[in-house]
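Please look through the structure shown here and follow the explanation below. The text takes up a few separate places in turn.

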Amino acid sequence: MNAGLTLVFDTSGPWIAAGLASNGRLLHAATETMARGQAERLIPLLEELLTATGTRWAELTAIGVGTGPGNFTGTRIAVATARGLSLALGIPAHPITAFEMALAPPTSLVLLEAPRGRAYAQRFADGRAAGPPEVVDPATLGPDAPPVRAAAPPSPAAMARLLHARLSAGAAPDRPAPLYIRPADAAPPSDPPPVILP
Amino acid sequence: MTDPLVLGVESSCDDTAAAVLRGRSILSSVVEGQSDLHAPYGGVVPEIAARAHAEKVDLCIEAALAGAGVTLAEIDAIAVTAGPGLIGGVLAGVMTAKALSAATGKPLIGVNHLAGHALTPRLTDDVAFPYLLLLVSGGHCQFLRVDGPDRFVRLGGTIDDAPGEAFDKTARLLALPQPGGPNVERAAASGDAARFVLPRPLLDRAGCDMSFSGLKTALLRARDTVIAGKGGITERDRSDLCAGFQAAVTDILAEKSRRALALCPGVTAFAVAGGVAANRRIRAALEEVAGTLPFVAPPLALCTDNAAMIAYAGAERLKLGQTDGLELPARPRWPLDDSAPALLGSGRKGAKA
């Protein structure tokens, strides 16, 4: 019997990266790049991982889901799936941010590619977030800043290890939510309402 | 044999909803609105709606299961709105439903949101096929002859805006709060509909197609004429403008309903669905058009977006043996009647209606 079977997946960019692990050790993984169609492909792909390892959904003990920052719609696809699986299986779903996946000690600042030449930035200390994530202009960061990491599929093995560490520490997660950082593009209507006369 | 226990999920616009239904009996129906989130922007912002849905769908499902006093294991099938609608929201519902289906092995049923509205008269009043339905909401306006759970003939519809959208726009133009429907109706109650004569677009043309865009522009002009005279509008002006607008929408819907009814002899009833059907003036006019034919207007909670109608439409599909695989796509556009020529939208994204 497989103890501590966990499923991790990420669709925060033009890809699906997924893995099935036992006690943090990857049993099977798949990464497919795609510009569209993640919503159609994600669950069949997860079922393929289960089938390949002879695992039933009910045997899973935890889920790790990539919460970005990244493509808004892509991140929601994974998060909604993880929350649904968590509800149906009665197991926790842990958020794993793209910063956590990209963190490579001893570097403390993680910079991820963002739209319009910006970068998503977050500082870490001892492997833990040391401040909130934000959007920065990489040109203003000075010569000591690490390079901005281009968007790329995360390693399912790394996700599985992060999840295992989280589980070993006994963390009880909040329900995962996408890490947007940027607010929704929305502006109040430009035409002012009329003056209401007495 | 008892009817299956069906979980319905809806997230295609600005309401997140889940419901549990057995046969025609609604065991629970949870609707979480987002009006407050969109209020500062004067309309539904798709990205804001998608963000809210993604973090609410599972909560609504839990609340619906608890409300019905059942567990997910007792559910026989999972029905979810798979379109048409704001794609970000539809995706949140579809992915959650697919996850539930995969993890539990229960059948998944993708439901057309419009079919949910169109079949509501059967859920509420057990109306027999065929019947004529006027679907009139914030995003849709069309006449459908409903011949079966998956057989719809579109007789006509709006070629531009939906009346619900026009009510919202009218509210914005007249400094009334959103949602426009009830607020414009309230202001119109004390207004003089004859003071501002607004156009009834397309009434001079044969058929059941409608247009509401020009009506909005006419209302804006009438308002601006008043403002030009005195720098603003009074409550009286506002009530009169609302009354004039509501009268124009009522006349268009009533006359086109008359024509639609003439096109479908042998229907068992004339039914109305969608949020605009909540307007009492419009409802009364449509009832009059129905004449001796039974007129069916579901209660407000089942006229506006809800998941009970999705569960019901899913149950009807299930009865026909129609279920979907886990690759079920979410569709921003999905006309109910693929055979009718496109009224709205074309090109890469396909017809909108």
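B:Ala175 is partly exposed, because its relative accessibility of 29% falls between the limits of 20% and 50%. The model is a predicted one. B:Ala175 is not a glycine, and yet its phi is positive, at about 60°. The residue sits in the loop that runs between helix 6 and helix 7 of chain B. That loop between helix 6 and helix 7 also holds B:Pro179. The peptide bond leading from B:Gln178 to B:Pro179 is cis, with omega near -5°.

Chain A has a counterpart for each of these backbone features. A:Asn23 has a positive phi of about 50° without being a glycine. Its place is the loop between strand 2 (15-22) and strand 3 (25-33) of chain A. With a relative accessible area of 44%, A:Asn23 is partly exposed. A cis peptide bond, with omega about 15°, links A:Gly68 and A:Pro69. A:Pro69 belongs to the loop between strand 4 (62-66) and helix 2 (72-89) of chain A.

Helix 7 covers residues 180-188 and contains B:Glu185. The buried residues of this helix are B:Gly180, B:Asn183, B:Val184, B:Glu185, B:Ala187 and B:Ala188. What lies over them? The cover includes helix 6 (163-173), helix 9 (235-263) and helix 10 (280-290) of chain B. B:Glu185 has a relative accessibility of 12%, so it counts as buried. Leaving out neighbours within four places in sequence, B:Glu185 is in contact with B:Gly180, B:Gln246, B:Ala278, B:Asn279, B:Arg280 and B:Arg281.

An unreviewed UniProt entry lists under "binding site" B:Leu135, B:Val136, B:Ser137, B:Gly138, B:Gly139, B:Asp168, B:Gly181, B:Glu185 and B:Asn279. One of these, B:Ser137, lies in the loop between strand 6 (131-136) and strand 7 (141-148) of chain B. Is B:Ser137 buried or exposed? Its relative accessibility is 9%, so it counts as buried. Beyond its neighbours within four places in sequence, B:Ser137 is in contact with B:Ala162, B:Pro163, B:Gly164, B:Glu165, B:Gly274, B:Gly275 and B:Val276. A polar atom of the B:Ser137 side chain also lies 3.3 Å from the backbone nitrogen of B:Gly139.

B:His117 is part of helix 5 (residues 113-125) of chain B. At 1% relative accessibility, B:His117 counts as buried. Not counting residues up to four places away in sequence, B:His117 touches B:Leu133, B:Leu135, B:Ala273, B:Gly274, B:Cys303, B:Thr304, B:Asp305 and B:Met309.

B:Asp305 is found in the loop between helix 11 (300-303) and helix 12 (308-319) of chain B. Its relative accessibility is 15%, so B:Asp305 counts as buried. Apart from neighbours within four places in sequence, B:Asp305 is in contact with B:Glu10, B:Ser12, B:Cys13, B:Asp15, B:Val31, B:His113 and B:His117. With B:His113 there is also a polar contact between the two side chains, at 3.2 Å.

The remaining topic is how the two chains meet. In chain B, 42 residues are in contact with 38 residues of chain A. The two chains bury about 3300 Å² between them, with 67% of it on carbon and sulfur atoms. Four salt bridges are counted between chain B and chain A. One of them joins A:Arg76 to B:Glu47, whose closest N and O atoms are 2.9 Å apart. Ten residue pairs are in polar contact across the interface.

Which parts of chain B supply the side that touches chain A? At least two residues each come from helix 2 (46-54), helix 3 (57-68), helix 4 (87-104), helix 6, helix 8 (213-230), strand 9 (233-234) and helix 9 of chain B. Helix 4 gives the largest share, ten residues. By class, this side of chain B has 23 nonpolar, six polar and 13 charged residues.

Methods
Residues numbered from 1 in each chain as written. Chains lettered and ligands numbered in written order. Predicted model: local features only at pLDDT ≥ 70, side-chain atom pairs only at ≥ 80, totals over all residues. Heavy atoms only, no water. UniProt positions renumbered as here; feature names shortened; annotations may be inferred. Helix = DSSP H or I, 4+ residues; strand = E, 2+ residues; numbered from the N terminus. Buried < 20%, exposed > 50% of the residue type's maximum accessible area, 1.4 Å probe, protein only. Contact = heavy atoms within 4.5 Å. Polar contact = N/O pair within 3.5 Å; in protein donor to acceptor, adjacent residues only side chain to side chain. Buried area = accessible area lost by both parts, 1.4 Å probe. Salt bridge = Lys/Arg side-chain N within 4 Å of Asp/Glu carboxyl O. Nonpolar A, V, L, I, M, F, W, Y, C, P; charged D, E, K, R; others polar.
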